[in-house]
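We will go from stop to stop, and at each one you will find something to select and something to look for.

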Amino acid sequence: MRVIVTNSYDEMSTEAAKIVAGQIYLKPDSVLGLATGSTPLSMYKKLIAVHEMIGLDFSQVTTFNLDEYIGMAPDNPQSYHYFMHHNFFDFINIKPENIYIPDGMAKDIVAEGKRYDALIEAKGGIDLQILGIGQNAHIGFNEPDIKFEATTHKVRLDEETIQANSRFFQTEEEVPRYAISMGIKTIMLAKKVVLLANGRNKAEAIYNTVCGSISPSAPASILQLHRDATVIVDKEAASLLP
Ligand code: F6R
């Protein structure tokens with residue numbers, strides 16, 4: 001696992017955008033795994049700028065998002081579908097048919113998980129997976145547990161995650177309790193993984209990811225076993241690292 005400590009959120013985002021842009025230049029038909037949330041927002045803005053300024057071409061790129069809330073329609077402004085379109089996809093030349101996000105409205109979530117994993121496999125697997133991290137070290141919505149959940153599955157969000165996500169909703173009651181998320185095996189099968197974190201509130205999670213024992217109680221710690229994982233953090237998120 002490689003750890004890159006940057007001076008600021010902006011620098012962290014630049015480093016991440018460089019890796020994504022490099023990936024697309026080297027392999028124009030790359031399959032990207034993408035995350036929502038506050039952390040990758042600036043990386044998306046920078047990639048949009050590279051697209052606008054020097055024509056970074058997304059026309060052959062395929063994307064798979066990590067997760068979606070269950071029961072959230074794609075046109076709901078709180079949905080991860082909406083987030084991705086309004087913060088990234090609407091501003092680049094990706095083909096709509098190459099965008100995949102788990103369907104939180106699916107009647108049968110188990111079948112949706114299987115369909116999603118089969119699609120990823122059919123596209124040749126993920127070349128580069130971008131991850132954020134929860135304060136409890138979740139990746140995707142793989143919450144701390146007694147075992148690692150392998151494939152795309154239904155999750156009950158932790159109280160800590162519900163509280164953290166409530167900043168995007170009027171009240172905490174409105175935060176969905178369930179989500180559908182890529183599993184740990186799906187994430188680990190990505191050829192390259194880049195995990196981003198900024199801010200003091202992520203420091204403990206980053207310490208457990210990089211230095212802690214590998215355990216489903218800190219899901220991101222499994223990335224220590226990945227053959228090509230890079231953790232890019234700002235100074236605050238790195239503050240507990242030795
Ligand atoms: C989002 C996701 C989550 C977030 C994590 C951090 O698709 O899978 O794991 O990456 O909750 O969220 P932020 O970046 O908002 O702190």
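Begin with what covers the buried residues of helix α7: the cover includes β1 (2-6), β9 (192-197) and β10. Helices (H or I, at least four residues) and strands (E, at least two) are DSSP runs, numbered from the N terminus. Select residues 203-210 to see α7 itself, where A205, I206, N208, T209 and V210 are buried. Buried means that 20 or more other C-beta atoms lie within 10 Å of the residue's own; exposed means 12 or fewer, partly exposed is in between, and C-beta atoms are placed from the backbone.

Two notes before you move on. Residues are numbered from 1 along each chain as its sequence is written. This is a predicted model, in which local features need pLDDT of at least 70, side-chain atom pairs count only at pLDDT 80 or more, and totals for chains, interfaces and linings use all residues.

Next, select K235, in the segment after β10 (229-234). K235 is partly exposed, with 16 other C-beta atoms within 10 Å. Leaving aside neighbours within four places in sequence, K235 contacts V5 and N7; a contact puts two C-beta atoms, placed from the backbone, within 7 Å.

Now for the core. The largest nonpolar core has 64 residues, and A16, V194, L195 and A220 have the most contacts inside it. Such a core is a set of buried Ala, Val, Leu, Ile, Met, Phe, Trp, Tyr and Cys residues joined through C-beta atoms within 7 Å. Which residues does A16 touch, not counting those up to four places away in sequence? Show M43, I130, V194, L196 and I232 to see them.

Just after α2, G55 has a positive phi of about 70°.

Go on to N65, in strand β3 (residues 62-65). N65 is buried, with 23 other C-beta atoms within 10 Å. The residues that N65 touches, beyond four places in sequence, include L34, T36, Y80 and Y100. The C-alpha atoms of N65 and G33 are separated by 5.6 Å, though the two are 32 residues apart along the chain.

T36 takes us to the ligand. Around it are 14 residues, the closest being T36, G37, S38, T39 and G132; a residue is near if its C-beta atom, placed from the backbone, lies within 6 Å. This shell has five nonpolar, eight polar and one charged residues. Here Ala, Val, Leu, Ile, Met, Phe, Trp, Tyr, Cys and Pro count as nonpolar, Asp, Glu, Lys and Arg as charged, and the others, Gly among them, as polar.

Last stop: A137, in the loop between β6 (128-131) and β7 (153-156). A137 is no glycine, but has a positive phi of about 70°. Is A137 buried or exposed? Buried, with 26 C-beta neighbours inside 10 Å.
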